[in-house]
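Me: I have a structure open and want to learn to read it. Can we go feature by feature?

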Amino acid sequence: MGSNYSTYCPTCGTVLVDKLIEGRTRRYCQECENPIYRNPKPCAGALVIDEGDILLVKRTQPPGVGTWSVPAGFLEYDEPPAPGAVRELEEETSVTASEEDLELFDTAFVTAGERENVLVIIYRVERSATKGDPEPGSDAGEAQFWEMGAFESADKEIEPGYEEIFQRARRL
């Protein structure tokens, strides 16, 4: 079942077993009599598009240290996706945008390395609707606009799970 396979119940510590529940094999605690669901954590991010160039960040924190990615991150428990995307964009790049200027670009399940599965909600926004010049912030060693052909020819590594998203963004 991969790296997110649970061995012990997070509530009581009992060893979990596999059990067919709702048509799927799930981890199950016989002591608590509860299934252990593996729901993805919600994330949001924003692609800033400037005439075919895309603003990307080079990650400095796991997962994907050293790879290039969408400015994105985990949502707070009470934070809707659009405000979260705006917050993450500013935190990671110093570029600001308004929620009203965002348009939904993609939603995707992403799994990389040892992290939990995530559901990333990605918005796009035109560069002309943003303010500020890209400067790396939290979780970013670099922040810059890339023409996707130049990005690929420079042999830069994309954060695992985002390759297809980048390919679609390139065709914008």
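Reply: Start with burial. A residue is buried when its relative accessible area is under 20%, and exposed when over 50%; in between, the residue is partly exposed. Keep in mind that this is a predicted model.

Me: Is W146 buried or exposed?

Reply: W146 has 11% relative accessibility, so W146 counts as buried. W68, at 2%, is buried too.

Me: How do I read an aromatic pair, and how many are there here?

Reply: Check the ring centres, then the angle between planes. Centres must lie within 6.5 Å, and planes over 60 degrees apart count as edge-to-face. The count here is one aromatic pair. The ring centres of W68 and W146 are 5.4 Å apart and the planes stand at 80 degrees, so this is an edge-to-face pair.

Me: Which strands hold W68 and W146?

Reply: W68 sits in strand 6 (residues 68–69) and W146 in strand 10. The pair therefore ties together parts that are 78 residues apart in sequence.

Me: Now strands. Which ones pair with strand 9, and in what sense?

Reply: To read a strand, look for its bridges and their direction. Strand 4 (residues 41–50) runs parallel to strand 9, joined by nine bridges. Strand 8 (residues 103–110) pairs with strand 9 in the antiparallel sense, over seven bridges. There, E103 has R124 of strand 9 as its bridge partner.

Me: Why is strand 9 described as largely enclosed?

Reply: Seven of its nine residues are buried, so the rest of the structure largely encloses strand 9.

Me: What is the strand order in the open sheet of three strands?

Reply: Follow the pairings across the sheet. The order is 1-2-3, with antiparallel pairing. Strand 1 and strand 3 (34–36) are the edge strands, since each pairs on one side only. From one strand to the next, the twist averages 55 degrees. Strand 2 and strand 3 share three bridges.

Me: Next, helix 1. How does its span compare with the expected one?

Reply: Expect 1.5 Å times one less than the number of residues. Helix 1 (residues 81–93) has 13 residues, and its first and last C-alpha atoms are 18 Å apart, close to the 18 Å expected.

Me: Which residues of helix 1 are buried, and what do they pack against?

Reply: The buried ones are A82, G84, A85, V86, E88, L89, E92 and T93. They pack against strand 4, strand 5 (53–59), strand 7 (72–74), strand 9 and strand 10. Just past the helix, S94 has a positive phi of about 70 degrees.

Me: What is the general rule for phi?

Reply: Most residues other than glycine have a negative phi. So look for the exceptions. E22 is one of them, with a positive phi of about 55 degrees. E22 lies in the loop between strand 1 (17–21) and strand 2 (24–29). With 59% relative accessibility, E22 is exposed. D139 also has a positive phi, near 65 degrees. D139 belongs to the loop between strand 9 (118–126) and strand 10 (140–147). Its relative accessible area is 32%, so D139 is partly exposed.

Me: What about S128 and E159: buried or exposed?

Reply: Use the cut-offs again. S128 is in the loop between strand 9 and strand 10. Its relative accessible area is 71%, so S128 is exposed. E159 is in the loop between helix 2 and helix 3. At 1%, E159 is buried. E159 and V110 are 49 residues apart in sequence, with C-alpha atoms 9.9 Å apart.

Me: Last, the nonpolar core. Which residues touch the most other members?

Reply: Think of a core as buried nonpolar residues joined through side-chain contacts. The largest one has 22 residues, and L47, V120, I122 and Y162 touch the most other members. Strand 4, strand 5, strand 8, strand 9, helix 2 (148–153) and helix 3 (163–170) each give two or more residues to this core. There is also a second, separate core of 15 residues, including A44, A82, V95 and V125.

Note on methods. Residues numbered from 1 in each chain as written. Heavy atoms only, no water. Helix = DSSP H or I, 4+ residues; strand = E, 2+ residues; numbered from the N terminus. Buried < 20%, exposed > 50% of the residue type's maximum accessible area, 1.4 Å probe, protein only. Pairing = 2+ DSSP bridges. Contact = heavy atoms within 4.5 Å. Axes fitted to C-alpha atoms, helices over the stretch in contact; angles between N-to-C directions. Core = buried A, V, L, I, M, F, W, Y, C linked by side-chain atoms within 4.5 Å. Phe/Tyr/Trp six-rings, centres within 6.5 Å; stacked < 30°, edge-to-face > 60°.
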